[in-house]
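Reader: I would like to go through the aromatic pairs and a charged patch. Let us set the terms, then take the residues in turn.

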Amino acid sequence: MVKTFRELRVYRTARALAAEVYALSKRWPKEERYALTDQIRRSSRSVCANVAEAWQKRRYPKHFVSKLTDADAGAAETQAWLDMALDCGLIDAETHDRMSTGYDRVLGSLVRMLQDRDRWCGPSARREPEVVYEAGDSAEVVAVEDEGDGTHMPTIPHLDTHRA
């Protein structure tokens, strides 16, 4: 069972690829610093950041999908910048193909997560048991209930104010 975003294969793969993008781009000419170098570094890092955000927002399916979609876009953007780096002679064809294949794997993983979002989203008895919060001398059990519209709201016995 995955407990943090760092355990997700897609995150680990995207992070390794972003590190490689950084290492490669350190050797690029200074005139590319504010163009290709910054763009490819930003887009490659955004994949990791958006996967992390999606993981943290998985209780809310629409937010989860939005962040994974942003990660998907960042991976595709990075591939476009890799194409430009190849065209400019900054990377060779072998490096381009290896990196592009790595991002294809990331994209495939993201698409599978999006297609099977119910497996990843919302609380689940298997993943999230009831949580006991201690408040002063008493402990309250907080249950998470489905509101019928795909959202989940906590039920706190003495503070159940979200129901009108």
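Author: First, a term. Buried means under 20% relative accessible area, and exposed means over 50%. The model is predicted.

Reader: Is Phe5 buried or exposed?
Author: The relative accessibility of Phe5 is 14%. The cut-off for buried is under 20%. Therefore Phe5 counts as buried.

Reader: How many aromatic pairs does a search of the whole structure find?
Author: Rings pair if their centres lie within 6.5 Å. By that rule, a search of the whole structure finds this number of aromatic pairs: two.

Reader: What kind of pair do Phe5 and Tyr11 form?
Author: Their ring centres are 5.0 Å apart, and the planes stand at 80°. Planes over 60 degrees apart count as edge-to-face. So the pair of Phe5 and Tyr11 is edge-to-face.

Reader: Is Tyr11 buried or exposed?
Author: Tyr11 has 11% relative accessibility. Buried means under 20%. So Tyr11 counts as buried.

Reader: How many residues apart are Trp55 and Trp120?
Author: Trp55 and Trp120 form an edge-to-face pair, 6.1 Å centre to centre with 75° between the planes. Both are buried. Trp55 lies in helix H2 (residues 33-56) and Trp120 in helix H5 (residues 117-120). The pair links distant parts of the chain, and its separation in residues is 65.

Reader: Is Arg112 buried or exposed?
Author: Arg112 lies in helix H4 (residues 93-115). Its relative accessible area is 53%. Exposed means over 50%. So Arg112 is exposed.

Reader: Which residues form the positive surface patch?
Author: Arg112 belongs to this patch.

How values were computed: Residues are numbered from 1 along each chain as its sequence is written. This is a predicted model: local features need pLDDT of at least 70, side-chain atom pairs count only at pLDDT 80 or more; totals for chains, interfaces and linings use all residues. Side-chain values use heavy atoms; hydrogens and water are left out. Patches are made of residues with over 30% relative accessible area and no salt bridge: like charges are joined within 9 Å, nonpolar side chains (Val, Leu, Ile, Met, Phe, Trp, Tyr) within 5 Å. Accessible areas come from the Shrake-Rupley method with a 1.4 Å probe; for residues, only the protein chains shown count as cover. A salt bridge is a side-chain nitrogen of Lys or Arg within 4 Å of a carboxyl oxygen of Asp or Glu. Lys and Arg count as positive and Asp and Glu as negative; His and the chain ends are not counted. The place of a charge is taken as NZ of Lys, CZ of Arg, CG of Asp or CD of Glu. Helices (H or I, at least four residues) and strands (E, at least two) are DSSP runs, numbered from the N terminus. Buried means under 20% relative accessible area, exposed over 50%, partly exposed in between (1.4 Å probe, protein chains only). Rings of Phe, Tyr and Trp (its six-membered ring) pair if their centres lie within 6.5 Å; planes under 30 degrees apart count as stacked, over 60 as edge-to-face and the rest as tilted.
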